[in-house]
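Reader: I'm new to this one, so could you show me the model and then walk me through the ligand?

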Amino acid sequence: MANSLTPQDENRVVEATPTGLFIGGEWRSATGDRTLTVEDPSTGKPLSNVADATPEDGMAALDAAVAAQADFAAMPPRERGEILRRAYEIMTARADDLALLMTLEMGKPLAEAKGEIAYAAEFFRWFGEEAVRIDGGYAVAPNGASRFLVHKQPVGVCLFVTPWNFPAAMGSRKIGPAVAAGCAMVIKPADLTPLSMQMIGAILTEAGLPPGVLNIVTTSDAGGVMEPLIRDGRARKLSFTGSTPVGRLLLEQCADKVLRTSMELGGNAPFLVFADADLDKAVEGAMQAKMRNMGEACTAANRFLVHRSVAEPFAQKLAERMGALTVGRGTEEGVQVGPLVDGKGRDKVDGLVRDAVDRGASVVVGAEAVDGPGYFYRPTVLQDVPLDARLGTEEIFGPVAPISVFDDDDAALAAANDTEFGLVSYLYTENLDRALRVAERLEAGMVGLNTGLVSNPAAPFGGIKQSGLGREGGRIGIEEFLETKYIAIGFSG
Ligand code: NAP
C-alpha cells in the first residue's frame with residue numbers, strides 16, 4: 001500500500017506542537033520538569049513527551065484564569081466573536097497538518113481526522129456568530145408597579161475535562177461557547193491525546209485570545225490535579241466529557257461548592273431497523289453510526305435491534321461492507337479503520353465479543369484482533385446476540401456490530417430503552433407514523449431518524465438519564481455559559 005506521507009511530514013507536525021503547559025499565555029515546563037509520553041497507537045511507539053502537571057501547576061492555571069476573567073468578560077462580544085472566527089479560519093487553512101497530528105496521536109484514518117478538524121473548527125465559527133446574539137429582556141411587572149430587566153452574564157471561570165476519542169472537537173465544543181460568553185478557562189485534555197489541544201491553544205493565541213483566558217494543563221494525574229481546582233471555589237463551572245463513572249465522581253466533587261455542571265457522558269445507542277425500512281439505507285447508516293472513529297464514539301451504535309423478517313439480509317449486507325474495510329495505519333492511503341487507542345481498549349473489545357459468542361451469538365465476520373504492532377481489531381458482525389450479553393449493556397468502543405432480533409414495535413422499544421444510558425438512538429423505517437411514535441418514546445437526548453449521523457455544531461448535542469446533563473452546540477449551547485440576572489426597577493409612573 002502506498003504511503004502518501006513521509007516520516008518527515010510526521011516529524012514536522014509533531015515537532016511544531018508545543019509540549020509545555022499553557023498558563024497565563026506562556027508555555028512552560030511542569031514543576032520538576034516532569035513529562036509524560038504520548039504514544040502512536042498504530043505502532044505502540046513514543047511520539048512525543050509533554051509536560052506532566054502537578055497539582056501546584058494546575059492551581060497556577062486556575063490563578064491565571066481567575067486573573068483574566070474580569071477583563072475578558074468586559075471585552076465587546078464582537079471582538080470575542082472575531083477571535084473565534086479567526087481561529088476557525090486558521091484551523092481550516094491548516095487542516096491537513098492538524099489532521100495528521102490527530103491521526104498520529106489517536107489512530108483514526110486521515111480522512112476522518114480531517115472531518116473532525118472541520119467539525120471542531122465549526123464550533124468556533126458557530127459560537128463566533130452566537131457571541132453577538134446574547135440577549136436579555138425588559139418587562140412590566142403584572143401589577144404595573146415595577147419593571148424587570150433581564151440580563152445575561154458569563155458564568156465565570158470554567159474547568160474543562162475532555163476525552164481522547166475526539167481530541168480536537170470535544171475541546172472546541174466547550175472553548176467556543178465559553179469564549180463567546182466571556183468565560184476564562186482551564187482545560188485538561190486526556191493524557192493519551194493531548195497534542196491536538198496544544199495546537200488549538202497555539203491557534204487561539206494567534207487568533208488574538210488574551211493571555212490567561214485559555215490555560216491548558218496536560219497531566220498523568222487527572223484526579224490529583226483537577227479535584228483541588230473543583231473544590232477551590234473560584235471556578236464557577238465544570239464541563240466534562242467522558243465516561244459515566246468519572247462523571248458521577250466529578251458531580252460529587254462539584255456539589256461541595258455548588259458548581260454549575262455540563263456532563264457529556266457515556267452512551268449505549270440502540271439502532272432499530274423495522275421491517276419496512278429501506279435496507280440499503282439502513283446498512284449505509286449502520287456503517288456510519290458504527291464505524292465513525294472505529295466505533296470509539298459515545299454516539300456509536302452499540303446494539304442493532306432488527307425485525308426478525310429482515311435480520312438475515314441486514315446482517316449479510318452489513319457483514320459484506322464491514323468485511324471489505326481496509327484496516328491499517330491511519331496515515332496510509334486507502335485505510336478506513338485505524339487502531340484502537342490502546343491495548344486495554346482492544347482487550348476489552350475482544351472480551352465482549354468472546355462473552356457474546358460463549359452465550360450463543362454467531363460470528364458473521366471478523367471477531368479477532370490483528371497481530372501487532374499497534375492495537376488493531378477486525379471489523380466484526382455478530383448475529384443472534386442474546387440481549388443480556390455484556391455487549392448489550394457495556395459501551396463497546398470498537399468496530400463490533402452485535403445484531404439481536406425483535407418481533408414487534410413494543411418489544412423493540414422496551415429493548416432499546418432497557419439501559420441506564422440515554423444519549424442517542426437510531427431508527428430506520430419508511431412509515432411516518434411509526435417513525436414519530438417510536439422517536440417520541442425513545443429515551444434519548446438525540447434520535448437519528450433514517451440517518452446514522454446526528455452530530456452537528458448547529459444542533460443541541462447531549463443525553464438524558466446517565467448519559468449526561470446539559471447540551472453542547474446549537475442555540476442552547478451558549479446558555480450553558482451564561483447566568484441570568486434579573487434587575488427589579490422601582491417605577492412610580
Ligand atoms: P474517561 O476515562 O472518563 O476520561 C475522560 C477524561 O476524564 C480524561 O481527560 C481523563 O483523564 C479524565 N479523568 C479521568 N479520571 C478523572 C478524575 N478522577 N478526575 C478528573 N478527571 C479525570 O473517558 P475516556 O475513556 O477518555 O473517554 C471515553 C468515554 O467518554 C466514553 O464513555 C464515551 O462515551 C465518553 N464520551 C462522551 C461524549 C459525549 O458527548 N457524551 C463524547 C465523547 C466521549 P486521563 O485520560 O488523562 O486519565
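This is a predicted model: local features need pLDDT of at least 70, side-chain atom pairs count only at pLDDT 80 or more; totals for chains, interfaces and linings use all residues.

Reader: Okay, and how far is Lys-188 from a ligand oxygen?

Author: A polar side-chain atom of Lys-188 is 3.0 Å from an oxygen atom of the ligand, and a polar backbone atom of Thr-162 is 2.7 Å from a ligand oxygen.

Reader: How much of the ligand does the protein bury?

Author: The protein buries 85% of the 910 Å² that the ligand exposes when taken alone (Shrake-Rupley areas, 1.4 Å probe).

Reader: Which residues come nearest to the ligand?

Author: Among the 30 residues around the ligand (a heavy atom within 4 Å), the nearest are Thr-162, Arg-173, Ser-243, Leu-265 and Glu-395.

Reader: And why does the ligand lie between the two domains?

Author: Because domain 1 (7–265 + 469–485) and domain 2 (269–456) both contribute residues to the shell around the ligand, it lies between them, with the domain bounds taken from an automatic or database assignment.

Reader: Switching topic, which peptide bond is cis?

Author: The bond from Gly-372 to Pro-373 is cis, with omega near 5 degrees.

Reader: What about the phi of Ala-367?

Author: Although Ala-367 is not a glycine, its phi is positive, at about 75 degrees. Most residues other than glycine have a negative phi, and most peptide bonds are trans.

Methods. Residues are numbered from 1 along each chain as its sequence is written. Side-chain values use heavy atoms; hydrogens and water are left out. A polar contact is a pair of N or O atoms within 3.5 Å; within protein, one must be able to donate a hydrogen and the other to accept it, and residues adjacent in sequence count only if both atoms are side-chain atoms.
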